[in-house]
Amino acid sequence: MAECVYPAEQVYDAQQAANENPHEQPAVMRELQAEARRRGLWNLFMTHGEHGAGLTNLEYAPMMEVLGTSIIGPETANCSAPDTGNMELLAMYGSEEQKAQWLEPLLAGRIRSAFAMTEPAVASSDARNIASTITRDGEHYVLNGRKWYTSGVLDPDCRLIIFMGVSDPDAETYRQQSMILVPRDTPGITVLRDLPMLGYTDRLGHGDVLFEDVRVPVANMLSEQGSGFALAQGRLGPGRMHYGMRAIGFAERALSLMCARAESRVAFGGPLADRGVVREWIARSRIEIERSRLLVLKAAWLMDTAGNAAARSEVAAIKVDAMETAHRVVDRAIQVHGAAGISDDTVLSRLYAITRALQIADGPNEVHLRTIGRLELSRRREADAALVGAGRGTKEERA
């Protein structure tokens, strides 16, 4: 990171600004990716089969943290969303033909992909609200609907969209949705606009996309019809884990900038680092980062040893805690930088936007808190029932 990535950040931004298409991958990124592959730092996130570097989630966590200290870090090692989640879906659920057509070039970094789930007209954090449709017509499925914040769809290298929609509205609640593989150049796909994120235009693009009578072969169904909800949970779980890991990197970068600024900036007769309030901000930031990191590592360990389902509460917790921690640390760093903190002279304003937006992406914090609360209450009821069964009386009797 120190030798290659940090020095390339300004080059990356300059090349992106100079490109006729702002969503085209800057040339310096291709150079960084070639160097990452040469060093064996490629597809580090992939824990499935022979496709990745063979790391566990616990082993990957500190590496993603380090990559996450730079906005462009994960992309250098082919570890950036939405491709990571899409590659995991293909690795776990794709047919051999689907893997050959889409997974292999994604793993090689030759193409990019997009994920179309969120819709502007409904609260998509509840997947039961999804209104887009996937209708069988002979040997094809016909797709209709409007998706937004479809990340990656504006990248010229995007070749694949994974689309989630309702395939059987009469099925039981969690068997109504499916996911299907849609080649990007399929007729009927229209990008209505590129959505900014708190004023920032993302290099990959967040598309507002209209799907009108988009026809794809039946063979493009991912897994089986009706498995969309289960696939979404399988995709989003590891994705939330990766965001938690990356958030620690965001926070560490912000804290480093805060400390450097506090020591170099003089006000009222001395460096800001001598002011008690600034030292408190630095101290609290360190405490919060260490706490969040331990929670991330615990969740990673649980995923490795007990499975994703067993780590569900912890994964939900890190999605809330790690991003809130990163946002607080970035906010303090901005305050120490003063006017420079809200400019584009540092990465802080961009980190502020990202850490705020990611409290909504992949499920808003409130949904994760709801999950944690429900699981905690369920555990408590099970514990009480076990005590009653052991002859220790009811909860009221024990009280």
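A pocket is an open set of grid points with protein on both sides within 12 Å along at least five of seven lines, and its lining residues have an atom within 4 Å of a point. The exercises below use a predicted model.

**Exercise 1.** Describe the second largest pocket by its volume and its lining.

*Solution.*
- Step 1: the volume of the second largest pocket is about 270 Å³.
- Step 2: 15 residues line the second largest pocket, and Met1, Val5, Leu41, Leu67 and Thr76 are the ones nearest its centre.
- Step 3: helices α2 (27–38) and α3 (57–67) each contribute at least two residues to this lining.
- Step 4: sorted by class, the lining holds 11 nonpolar, 1 polar and 3 charged residues.

**Exercise 2.** Decide whether Gln359 is buried or exposed, and list what surrounds it.

*Solution.*
- Step 1: Gln359 sits in the loop between α10 (348–357) and α11.
- Step 2: Gln359 is buried because its relative accessibility is 12%, and buried means under 20%.
- Step 3: a polar atom of the Gln359 side chain lies 3.2 Å from the backbone oxygen of Thr355.
- Step 4: leaving aside residues up to four places away in sequence, Gln359 touches Lys319, Met323, Glu324, His327, Pro364 and Asn365.

**Exercise 3.** Compare the span of helix α11 with the expected value, then find its buried residues.

*Solution.*
- Step 1: α11 covers residues 365–389, which is 25 residues.
- Step 2: from first C-alpha to last, α11 reaches 36 Å, close to the 36 Å expected at 1.5 Å a residue.
- Step 3: Asn365, His368, Thr371 and Asp384 are buried in α11.
- Step 4: after α11 comes Gly391, with a positive phi near 85 degrees.

Terms used. Residues are numbered from 1 along each chain as its sequence is written. This is a predicted model: local features need pLDDT of at least 70, side-chain atom pairs count only at pLDDT 80 or more; totals for chains, interfaces and linings use all residues. Side-chain values use heavy atoms; hydrogens and water are left out. Helices (H or I, at least four residues) and strands (E, at least two) are DSSP runs, numbered from the N terminus. The expected span of a helix is 1.5 Å times one less than its number of residues. Buried means under 20% relative accessible area, exposed over 50%, partly exposed in between (1.4 Å probe, protein chains only). A polar contact is a pair of N or O atoms within 3.5 Å; within protein, one must be able to donate a hydrogen and the other to accept it, and residues adjacent in sequence count only if both atoms are side-chain atoms. Contact means heavy atoms within 4.5 Å. On a 1 Å grid over the protein atoms alone, a cavity is a set of points where a 1.4 Å probe fits but cannot get out, and a pocket is an open set with protein on both sides within 12 Å along at least five of seven lines; lining residues have an atom within 4 Å of a point. Grid points are joined across faces, edges and corners, and a volume is the space filled by probe spheres set on the points. Ala, Val, Leu, Ile, Met, Phe, Trp, Tyr, Cys and Pro count as nonpolar, Asp, Glu, Lys and Arg as charged, and the others, Gly among them, as polar.
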